[in-house]
Amino acid sequence: MEKWLLYGAYGFTGELIAREAVKRGLSPILAGRNAQKLQPLADELDLDMRAFSLDAHAADHLADVSLVLHCAGPFSKTSQPMMKACLSAGAHYLDITGEIDVFEQAHALKEQAKQKGIIICSGVGFDIIPTDCTAFKLKELMPDAVSLSLGFDSDSGISRGTYKTMIEGLGSGSMIRQDGELMPVPLGSQRRVIDYGRGPRSSMGIPWGDVSTAYYTTGIQNISAWTPVPLPAAIGARFIGGLHPVLSSAAVQKTLNNWVDQRISGPDEELRSNSPAFIWGEARNVAGLRKVARLQTANVYDLTIYGALECVTRVLAERFTGGSYTPSMLFGSSLVEELPGSGNFEVDTFYP
């Protein structure tokens with residue numbers, strides 16, 4: 001197998017991926033900024049390591065690798081320099097982000113990636129494989145769909161890195177795709193009841209990555225994303241939006257991030273193994289016909305491990321035309337069904 005590099009290997013999710021890779025007989029080069037954090041993991045797993053920052057010289061460290069799996073957040077700060085380094089070095093780029101801005105950056109590099117003959121594919125984890133495959137499935141079932149809603153329900157817990165990403169976005173509002181354009185909407189302004197697969201849940205619209213990526217996957221111009229949130233919390237989210245200037249200040253951000261470093265480690269194996277995720281999607285056409293797809297998967301973090309490694313293996317083993325892709329654009333809607341812990345899509349049709 002060609003050489004590939006795992007950047008951010010000592011983060012919560014990066015380490016989980018590294019350990020599973022070794023179990024599968026894979027040998028990624030472990031990488032990150034901090035050699036002292038890398039060394040113990042590299043020694044334990046008997047893997048090569050490289051410590052480097054994402055600066056103007058990052059591409060020099062990728063000259064002999066065919067692919068980078070980027071797991072170092074916050075992706076809003078780290079993804080663009082790594083994408084540019086991969087373009088310079090001619091290495092495929094995959095990451096596990098769920099951030100809308102990063103997906104848009106990836107799409108903007110489509111032509112450069114095509115010219116270089118490399119794959120750029122953001123979101124090869126729980127963000128966004130299950131919902132992206134659901135979007136593709138619904139497009140296959142309803143080619144004339146004009147609107148698409150996607151969502152998930154999970155009790156998997158949250159890692160340190162995910163908390164920090166959430167803190168970075170505090171008070172910034174939500175996002176939808178309307179008539180093909182990304183549109184900000186107040187957080188808490190979208191509310192509905194959804195059955196993700198274990199009964200009706202009060203839900204709120206969220207700025208999930210699919211409002212970016214599902215547009216490129218399906219061409220559907222109106223897209224929203226959802227997750228269960230109790231009604232009082234959804235109403236309270238409208239108030240939080242008004243505090244954006246305070247919550248985004250450097251002092252508040254530093255205080256909250258320090259709290260995360262001291263208090264949060266991430267969900268353990270027992271919690272993960274007992275916390276499946278439930279995926280939901282709904283497509284509508286102009287006649288009012290609705291198709292609803294549901295799917296149960298492994299928990300958020302295990303699916304990220306399985307999905308990321310599956311995408312790494314397939315990109316290295318197969319030949320694709322260079323460009324920017326979503327996971328289902330590369331591997332089809334069945335990708336999520338083929339991952340450990342996943343069931344099969346169940347689809348219902350509702351007539352107007």
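Tutor: Let us begin with helix 1 (residues 12-23), whose 12 residues should span 16 Å at 1.5 Å a residue, and since its end C-alpha atoms are 17 Å apart, the two values agree. The expected span here is 1.5 Å times one less than the number of residues in the helix, and helices (H or I, at least four residues) and strands (E, at least two) are DSSP runs, numbered from the N terminus. Please keep in mind that this is a predicted model, in which local features need pLDDT of at least 70 and side-chain atom pairs count only at pLDDT 80 or more, while totals for chains, interfaces and linings use all residues. Residues are numbered from 1 along each chain as its sequence is written, and side-chain values use heavy atoms, with hydrogens and water left out.

The buried residues of helix 1 are Thr13, Gly14, Leu16, Ile17, Ala18, Glu20 and Ala21, where buried means under 20% relative accessible area, exposed means over 50%, and partly exposed lies in between (1.4 Å probe, protein chains only). After helix 1 comes Gly25, which has a positive phi, near 85°.

Helix 1 has helix 2 (35-45) as a partner: their axes come within 11 Å and cross at roughly 15°. That makes helix 1 roughly parallel to helix 2, because angles under 35 degrees count as roughly parallel, over 145 as roughly antiparallel, 65 to 115 as roughly perpendicular and the rest as oblique. The axes are lines fitted to C-alpha atoms, for helices over the stretch in contact, and the angles run from 0 to 180 degrees between N-to-C directions.

Asp46 has a positive phi of about 60° although it is not a glycine, and with a relative accessible area of 69% it is exposed. Asp179, in the loop between strand 8 (174-178) and strand 9 (181-185), has a positive phi near 50°, and Asp179 counts as exposed at 54% relative accessibility. Most residues other than glycine have a negative phi, and most peptide bonds are trans.

With that in mind, look at the bond joining Gly73 and Pro74, which is a cis peptide bond with omega about -5°. Pro74 sits in the loop between strand 4 (67-70) and helix 3. Within helix 3 (residues 75-89) you will find Ser88, which, leaving aside its neighbours within four places in sequence, is in contact with Ala59 and Lys116. Ser88 and Ala59 are 29 residues apart in sequence, but their C-alpha atoms are 6.2 Å apart in space. Another cis bond runs from Asp127 to Ile128, with omega near 20°, and Ile128 lies in the loop between strand 6 (119-121) and helix 6.

For helix 6 (residues 129-141), the 13 residues should span 18 Å, and the end C-alpha atoms are 18 Å apart, which agrees. Its buried residues include Ile129, Cys133 and Leu138, and among the elements covering the buried residues are strand 7 (147-154), helix 8 (210-218) and helix 13 (300-317). Helix 6 and helix 8 pack at an angle of about 35°, with their axes 9 Å apart. That contact is made by Thr131, Asp132, Ala135, Phe136 and Lys139 of helix 6 and Asp210, Ala214, Thr217 and Thr218 of helix 8.

To place these parts in the whole, the protein has 14 helices and 16 strands, and buried residues make up 51% of its 352 residues. Of its contacts with a separation of 6 or more, 72% are between residues 24 or more positions apart.

Conventions
Contact means heavy atoms within 4.5 Å.
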